Amino acid sequence: MKNPEKIDVFISYSERDTRELVPIVEELRARGCSVWWAEDGIEEGRWDHAIEDALASSRRVLAFLSANADRADRGYIFDEVETARSEDKLIPVVIGNGGRSFALKGLTALLKRYSFADFGSVLSSEEFEKLASILGFSKKAADIEEPPDADKRLDAWFSGIEGMFGLDGSIRAYSFMLSCAFFEDGPFSEVQQISEALVQKLRTQEIVANGEFDREYPRRTGQLLEMLECELVDVEHTYTKLRQEVVRFKDRQRAAAALKFAWREFPDRRAALKDWLSNVVSSASSEGHMRVGLALGLLGQIDFLGTFREVLSPWLLGANDVQVRTADIALAVAAFDPAVGATISHTIKGWAASTDANEKSTAVHLACGLTGARLSHSAIDILRIATSSNIDTLPTRLMDSLQRGLRAQLEVHSTDTDTSLFNLNKLVADISTWIADSLTNGSGSQRTDPKRAIPLLMFLVVVGGLPIAPKSASNRSTSLQSLLRTPRSAAQVAAVMNLALSQHKINGINSRDISKGILRRWIEVCRRSIEEKPKETISVERRETLLRLAALLQQTAANENDRDRVEYIFRGLFTSNEMLEAKPNRTGSRGKEEWK
């Protein structure tokens, strides 16, 4: 199809918000703004191509970050926002409590965001006129004067605190501000607790005598929050749906500004911060690790070299698994900035080529983790560098690190409610590409080429560690079912599984037995589920998912012997006709092909 003419605004949004967005789009168009959004449809061609062309032709991208956008996980809106950020034309528009997923926060936290209580209040808000002015379509003749940016507002506020309460009061305000920045939208009691721990560290470091403590510092919660420009909000958890009272800054830009302010204005406190953060993550929940990782990742976007040298590198090369995981999250968030991402890729490749076993195994762990998911094809390059020697001479530690890294990812993201940083489809696609390259470029017999054993083992670890269907309604992106919904991923799974089933051994790895074991485990889980709870949704989804897989394996098998092997493995669960009759449905969401 032809590329569209240059357009003023591309609208990125959740399809569930379509109705609410109609009046906003109509208002922009009434002001002369040319708008592209998916609701208008396309005349010809594929949806994904149309979206790519429209994104490339747009001057600005308005991303409406609602609660529905958060729940979209890794749908189109995430890809659109990421592309717009990389091309420096993203304008985040936060609706209510939206934009809270870790990926969307990582992409937008350092940008100017326009916030509205709900869709209904957008057009009547002064904030909309500010937004329209930025786009060049304000109804007012003169540009609307913007207030001082978040950094200047914070600097003025903190100077006032220092003047009123002296050193000890400023330490207490600094500690709560930073705790809220790291744990924004966390329970007030938890934020208060970790804030007090930082206060004690800084008091000790800066030698504040007991007699110097300011007795006028606010004690009551309401007074304290008012002074700190924070608020308590009763919100519904995005995934669990439970109500909870959380603390956040009134200014949605304040958290990122606080991180930048604390890091740049108080370099002498960084050692205390690192020690404090180490204690915080050691006792934090999985969600707490994600919050700390997100904040450190934003610091990485601001000052990568300093953050990496003083916090992330020591954590990554240490022996504490929690710190390694948190640092991995931080690197993944920092990599949303393209320039920082390139630096991270270069650094990890250096570790992969290192003769230091710790650096090499850490590089493998990161390539298999969230960082690898953010670094496009660099993750596979890192693994190729680290495992470039013959598999017979690879250190056991390196292979263990590879398997532990992959399994840790799957375990974490099969239980976490926010999986927006993890991209299972991309991980499978990258490994499949590596396997395909090894088939094309491998030396010697294809059936014994040692270079193919490593990516094939990785693939079996990843796919074999997946549940058949989601374990909870809040996380539907980390399962075999989610992989098979997209034809490209489904085809990759079928091709590599057929390859593994057709091989006896690849350099000591019995791929046939491993892949048979994976399939038989799934079949047994499905059979028990059907016997015990035949009418429950999970049982139905498990059976339908395995039927798709069996059909794909048969349809893509290289020869009759391979097809017979598949039929034999799935005997008792499906008939031959059932496997032959399962077909793809080409009318998935927003033009994406999916399987029935």
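Which helices each supply at least two residues of the lining of the second largest cavity?

A: The model is predicted, with local features needing pLDDT of at least 70 and side-chain atom pairs counting only at pLDDT 80 or more, while totals for chains, interfaces and linings use all residues. Residues are numbered from 1 along each chain as its sequence is written, and side-chain values use heavy atoms, without hydrogens and water.

α7, α10, α11 (270-283) and α12 each give at least two residues to the lining of the second largest cavity. Helices here are DSSP runs (H or I, at least four residues), numbered from the N terminus. A cavity is a set of points, on a 1 Å grid over the protein atoms alone, where a 1.4 Å probe fits but cannot get out; lining residues have an atom within 4 Å of a point.

This second largest cavity holds about 40 Å³, a volume being the space filled by probe spheres set on the points, which are joined across faces, edges and corners. Its lining consists of L178, F182, L259, A262, W263, L273, L277, L296 and L299. The largest share, 3 residues, belongs to α10. By class, the lining has 9 nonpolar, no polar and no charged residues (nonpolar: Ala, Val, Leu, Ile, Met, Phe, Trp, Tyr, Cys and Pro; charged: Asp, Glu, Lys and Arg; polar: the others, Gly among them).

The whole structure has 6 cavities of 30 Å³ or more. The largest contains about 190 Å³ and has 17 lining residues, with K105, A181, E184, A255 and L294 nearest its centre. Two or more of its lining residues come from each of α5 (102-108), α7 (150-182), α10 (254-265) and α12 (286-302). Here α12 gives the largest share, 4 residues. This lining divides into 11 nonpolar, no polar and 6 charged residues.

Key:
On a 1 Å grid over the protein atoms alone, a cavity is a set of points where a 1.4 Å probe fits but cannot get out, and a pocket is an open set with protein on both sides within 12 Å along at least five of seven lines; lining residues have an atom within 4 Å of a point.
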